[in-house]
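Okay, thanks for coming, everyone. I'd like to walk you through some charge pairs and a hairpin today.

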Amino acid sequence: MSGNTGAKKRPSPVGRVLATFELEDKSSSNPFERRVARLGLGVHQKLPTFRELTHSAFNRAVAESLGYNDPRITQSQLIAKLAGIGGSLVPHQDGTVSFSDPPSAMTFWYALEDSALENGCLCVAKGSHLTTPLTQRLTKLDDGFPKFVRLEKPLWAQGVADKDKIAPGEYEFEALEVKKGTLVLFHGNLMHKSEANMSDKNRMAYTFSIIDGRAVCPTDSYVMPEVGGLERLA
């Protein structure tokens, strides 16, 4: 059922490079003249530099070392986090967007500039991928708009024993301050966030996610291409 009856179909960002603008940027009354927050979800498919980076032998070796025999790319983004305007990001799990059953999402996050607390670095709740199951996933409605839906049952990261499946307490987030060129790798069930960038330094990053090709990715997943399946990391 469509979530926006009568409206034009929203263009899918999958396989394309579409801009999202900073909501808090008041430099222009025209929202399309405001500064860019991110570009996605097909950066590696349209920009050769990032395609080469994504499909590097190093990334393939990392995926293989983690047991991904058939890694499939779900999305790729450039995150701007520009000086003085880059917005905050609430705690979330990437596996709700790069969804599979069982959960298999892995995020590759590359720092394109030095990332510190002052300019909104990643903050992670260490170990939360083992204590926090997925409870929702992002779907695509008939009109192209995204919608989160609740899962029938929570999905835990593979390998979590039943005795360890307990509700987490309050999350304690740790700032990941890293230098330009650093790769941060984390499971899709990991809770993470970032604060606003109120400094005079940009915090550009490139990120892409993979899932295990043997896991189930629903056809109505927001990241599923309209034609063909998910691209293989090769």
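So, ground rules: when I say salt bridge, I mean a side-chain nitrogen of Lys or Arg within 4 Å of a carboxyl oxygen of Asp or Glu. This is a predicted model, where local features need pLDDT of at least 70 and side-chain atom pairs count only at pLDDT 80 or more, while totals for chains, interfaces and linings use all residues. Residues are numbered from 1 along each chain as its sequence is written, and side-chain values use heavy atoms, with hydrogens and water left out.

By that rule we get 12 salt bridges. Let's take glutamate 118 and lysine 201: their closest N and O atoms are 3.3 Å apart. That pair links distant parts of the chain, with glutamate 118 in the loop between β5 and β6 and lysine 201 in the loop between β11 and β12, 83 residues apart. Strands here are DSSP runs of E, at least two residues, and helices are runs of H or I, at least four, numbered from the N terminus. Glutamate 118 is partly exposed at 45% relative accessible area, and lysine 201 is partly exposed at 44%. For those labels, buried is under 20%, exposed is over 50%, and partly exposed is in between, with a 1.4 Å probe and protein chains only.

Next, arginine 137 and aspartate 220, a salt bridge with closest N and O atoms 2.9 Å apart. Arginine 137 sits in strand β7 and aspartate 220 in the loop between β12 and β13, so this pair ties together parts 83 residues apart in sequence. Arginine 137 counts as buried, at 14%, whereas aspartate 220 is partly exposed at 32%.

β7 pairs with β8 in the antiparallel sense over six bridges; strands pair if DSSP finds at least two bridges between them. Arginine 137 stands opposite valine 149 in β8.

The hairpin has five residues between the strands, and glycine 144 there has a positive phi near 90 degrees. Aspartate 143 is in that loop too. (Lys and Arg count as positive, Asp and Glu as negative; His and the chain ends aren't counted.) A polar atom of the aspartate 143 side chain does lie 3.0 Å from the backbone nitrogen of phenylalanine 145.

Definitions and conventions. A polar contact is a pair of N or O atoms within 3.5 Å; within protein, one must be able to donate a hydrogen and the other to accept it, and residues adjacent in sequence count only if both atoms are side-chain atoms.
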